[in-house]
Structures are given as C-alpha cells and as structure tokens.
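This short report is meant for someone meeting the structure for the first time.

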Amino acid sequence: MASSGSSTIPSTNSYTRLPDLKIPPRSGSSADLTRSARSSRLGSPMEDMTKYEKKLLQGDGGYLLEDVPHLTDYIPDLPTHPNPLQDNTAYSVVKQYFVNTDDTVVQKVIQHKSSSRGTHFRRAGPRQKVYFESDEVKACIVTCGGLCPGLNTVIREIVCGLEVMYGVKELIGIQGGYMGFYSKNTVTLTRKTVDDIHKKGGTILGTSRGGHDTIKIVDSIQDRGINMVFIIGGDGTQKGAAAIYQEVKRRGYKCVVCGIPKTIDNDIPVIDKSFGFDSAVEEAQRAINAAHVEAESAENGIGLVKLMGRYSGFIAQYATLASRDVDLCLIPESPFYLDGHGGLLEFIEKRIKEYGHMVIVVAEGAGQDLIAQDMRSMDNKDASGNKLLLDVGLWLSQKIKEHFGKKKKTLNLKYIDPTYMIRAIPSNASDNVYCTLLAQCAVHGAMAGFTGYTVGLVNGRHAYIPFYKITECQNKVSITDRMWARLLSSTNQPSFLSKKDIEEKKEEEELQVSATSADNVNSITTRTGLGFSPILTLSLYHPTFMKPPRK
Ligand SMILES: Nc1ncnc2c1ncn2[C@@H]1O[C@H](COP(=O)(O)OP(=O)(O)OP(=O)(O)O)[C@@H](O)[C@H]1O
Ligand SMILES: O=P(O)(O)OC[C@H]1O[C@](O)(CO)[C@@H](O)[C@@H]1O
Ligand SMILES: [Mg+2]
C-alpha cells in the first residue's frame, strides 16, 4: 500500500493546488440547508443534471489528467485535518504511506516513442490531509442492479475501512437499492455486524432495479445528515450516482458521492475488470464441465451452456478460454447466421461428425436479432430500462434439434442454464482481495474530500475516475481484437463474418474510440509555460443526463 513516491510528473504548485480550486456554487453553499431554504433555492433540477463538469489538466508531451471533483470545488475554505492514519500503529511503519499528490495513473499503457502521454487519472489511496473529522462523518452504503460475487466483501471493507482506519462511528446501510433511500428503513452497520458477510453471496442490503428519483434520494441524504454516500453498482447505477452528485453539488451540500463499479458482465469501460468477474468465470467452469461430460457420454451429444452477458460477452469469452472444452462460443458482439453454407448449423453438423460430441457456450445477449425475427419480439424492458432478453439457449436448442430431426440424425442435446448460479456465489479469493482494496481506496478518497468519482483498477493501479468516463460507453468484447482471435483459434470455430463485416466492425470500433478519446478534449485545455496548465473546468452536455432518469 505504500506510495511508490516515484511520480513521473514534475511537481508544480499549479498541480498540487488542484483541490483548492474555487468554483462559486450555483446557489450558494451551505452544508445545512433547511428543507424550505433548499426548495426555495431549487431551480430546475433537470437543468443542472443535463450538464457535468470536466476537470482537465494538461502537461508536457500530451499529458492529460482527467481529474475528479473535490468538495472544495463548490465549498470554499473547507478546513482540513491531519489524516488519523498517521497515528495508526499498523500503518505508521509504512514508508511513504500517503499517496504523493502528483501521482496519476495512465489510461493506455502501451506507448510508442512518438505517442502522446495521453489520459491519466488521479491515483487512489490515503492523503496526508483529510476533509472530515472522524466524528463528523455519517456514511451510507447502497447496492443497486443485479447481484455479483463480492458485494458483501465491498460492504464489509467500507465499514471496516471507515471504522478501523478513520475511527468513523456512524454508518448505515440503505436497503433495497436506490428506492430504499425514500421507501425503506436503514440498517446500522458496524464492524461487528459485517464481520462474516463476505462468506455469503448476494448483498446483505438487498438490491433493486428502477426507482432512481434523484430529488427524493438527495432529500433523504440531507434529511438523514449523511455526508458520504458509497454506491455499489453497474453502469446504470453509476449514471444514477452521477445524477446524485450533480444534485448534491447544486445544493452546495458537503457530501461525498463515491461509486464502486459492480457488474458481472464486465461492461464498465476504463477499468481493468470488474470485481466478481473472475469468480463468475470460475463458477461457469462447473457448468461447462458438466456439459462436456454429458456430451461426451452420448451419441452425437451436444452440451449447451447459457451464461450471462446482456450486451457484452466477456463471461462467455473468458469461460470458453479457460475451459478448452468449448467448440463454439456465441456472444452479442459477434453476429452469426444459422442456415446455409458457412452457417452455424452447418458448423455444428461438421463438428459432431468429426468428434462425436461438442460443447456450445452462448451469452444470453447473443443472436437476439435472429430470435426477434423468429418470434415477433415484444421489446420488453425491466424496471431500469434494460431490454428483457429472449431465451437464446432454448431457441438455439430448438433450432439444432429441428435441424438434426430434418436430417434424421441422432442428437442428444443437454441444455444447462446456470446464469443465476454464477452470480449468487460469494467471491473467490482473488476477488476478495480486489474488493478489499477497492473499498479501502473508496474510503481514502472520500476522507480526502474527493467526490463524483468511481474507484477502479486501471492497468493494475487503483485510480479515481470521473463518472462521465465510465458512463459514456459500455465495455464490449472487441471482435477485431487479438483476444477474440485467440478464442476463435482455441475453439476452431468460424467467425461467421465476411471480410466486409470485419472492415465495418473495425470502423465502428475506431469511431467509438475516437468519440470517447482524450484527443477530443485536448483542444479545449489550456497550457502555460509550467509543466502543467492551470485547471480548466468545462461544462459539457452529456446525453446521459439529457433524459430524465429511467424509472
Ligand atoms: N440513466 C440513469 N440515470 C439515473 N439512474 C439510473 C440510470 N440508469 C439506471 N439507473 C438506476 O440505477 C439502478 C441500477 O441500474 P440497472 O438495473 O441498469 O443495473 P446496473 O447498475 O447497470 O447493474 P447491472 O446491469 O450490472 O446489473 C436502478 O435503480 C436504476 O433506476
Ligand atoms: O434478472 P435480473 O436480476 O434482471 O438480472 C439479469 C441481468 O443482470 C446481469 O447479470 C447484469 O446486468 C445481466 O447479465 C443479466 O441480463
Ligand atoms: Mg447494467
């Protein structure tokens, strides 16, 4: 945990001054607004939620820091306190325990000699000064979206981190996701009450989809006197967290909003991977092994396993690569067709003829367009606005059976659907460590007064990432990438794509990268003769906030 202290960045005053940036609050700043004062100062909340601010800092050689907000951006002259960790016996021996204020983490680790240094994020970890006294903190934790291994570990470690490292005494859990802020009771969280929870799957707080009402949530935060909000959830949840941060800031309320990215689908961009993903891939092996045993033991046996992955097929991809027993992996990002020359059914027939059995892994979001053509889909959505999928496993089983039936060939197909089993388990050992570090970094950031951030692992280092970076797009398997090629060569399956399709995919992916790349903002940052330019805060419109939150 010790800071390397070997920042590659020249230390300059303009850089270290960053948290002291004074941005006049839109409607005055007071940490204890009464409800009437609050409502009289409310303009149109949606007006503010359609904007977010980027804190960009440019340095030499194309260096760009995409910084996270800080409480002092909108509440000037906040007092600081020495970090209580300095008196903690466990940490007092650690050399350079506090993170150097100049330390940042690079987004793209592969560089060429002519590359620009590119986008960086603030390195996570404990700071010398904190912006809260221990007995001033009232923190809350909420979990939203689908389940994922490791949720309880993150909850546990936030509680322990705050209590043990920072002496915080007041911590509550919001039950049942976002709607729990205004419709449910809270639970008191202490080191004792969370002691064992990391051994259980799910979340002790409960979770839900839908029900994000920014105003009601922030009212509840203020009414309860909460000044640190830890929000654990996926892409939808992080969009909700960004809206909460905007509203908290608009009210000038001293409250940190911190997101901890959670998603079994691994669909959050920028971060190396999401917690629980490894555990899920590991658990998926059990289903794939069973499918293999079943398939091998029967004449013309097919074991078909459906795994989660609504829009991103990472679980299917990694479970396939890990297993080596899989003959065919289908994911949402890679289109396929069933009939005719080069089609899926022809491939299956060929593989069965050759080996006598096969294993197919299909991500739940794969082939949805084909199923929709077949079944006149109803385009249903869940409470959060996510598309409800048709069962690709059942549909594919049916199609394969029909095909073999028509050809009067024997077929023994076993369909295994372990989707919920792989996300309801507790996290494995490596995810437990990962969750612990994420939680601790989240706590350090909050105590240091950062807000509006998600904590994440970027190239193996923990960083504070502004919300917009992780909500502007979804992480998807790139089928023009080397990793997908590795899978194709391991399963020896066709790509089902023509050369033209691949060219189009490449163009599509390149366009996506350039739309979200830092190059787009370089032109609007300023430079000085110093190593770093002064900070520039930009208000930009972002489509995420242009629509009212989905209910
Ligand atoms: N654009 C948005 N703005 C505000 N809140 C949102 C938005 N999208 C989703 N939410 C809220 O976030 C919560 C979780 O969203 P969702 O159900 O999409 O799961 P998620 O966080 O993406 O997790 P996962 O997809 O991994 O299960 C819900 O309560 C939902 O109302
Ligand atoms: O049935 P639920 O809880 O809506 O969750 C299903 C979805 O949640 C996820 O696990 C995460 O988004 C998806 O892979 C899946 O489609
Ligand atoms: Mg999601």
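Predicted model: local features only at pLDDT ≥ 70, side-chain atom pairs only at ≥ 80, totals over all residues.

Of the 16 residues of H8, 14 are buried, so the helix is largely enclosed by the rest of the structure. After H8 comes Gly252, which has a positive phi, near 65 degrees.

The loop between H8 and strand E11, which spans 256–261, holds Lys254. The relative accessibility of Lys254 is 11%, and since buried means under 20%, this residue counts as buried. What does the side chain of Lys254 meet through polar atoms? One of its polar atoms lies 2.8 Å from the backbone oxygen of Tyr131, and a polar contact of 2.6 Å links it to the side chain of Glu136.

Further along, Asp265 sits in the loop between E11 and helix H9, which covers 277–296. An unreviewed UniProt entry lists Asp265 under "active site". Leaving aside residues up to four places away in sequence, Asp265 touches Met308, Gly309, Arg310, Ser312, Phe314 and Ile315.

| Residue | Relative accessible area |
|---|---|
| Lys254 | 11%, buried |
| Asp265 | 10%, buried |

Note on methods. Residues numbered from 1 in each chain as written. Chains lettered and ligands numbered in written order. Heavy atoms only, no water. Buried < 20%, exposed > 50% of the residue type's maximum accessible area, 1.4 Å probe, protein only. Helix = DSSP H or I, 4+ residues; strand = E, 2+ residues; numbered from the N terminus. Polar contact = N/O pair within 3.5 Å; in protein donor to acceptor, adjacent residues only side chain to side chain. UniProt positions renumbered as here; feature names shortened; annotations may be inferred. Contact = heavy atoms within 4.5 Å.
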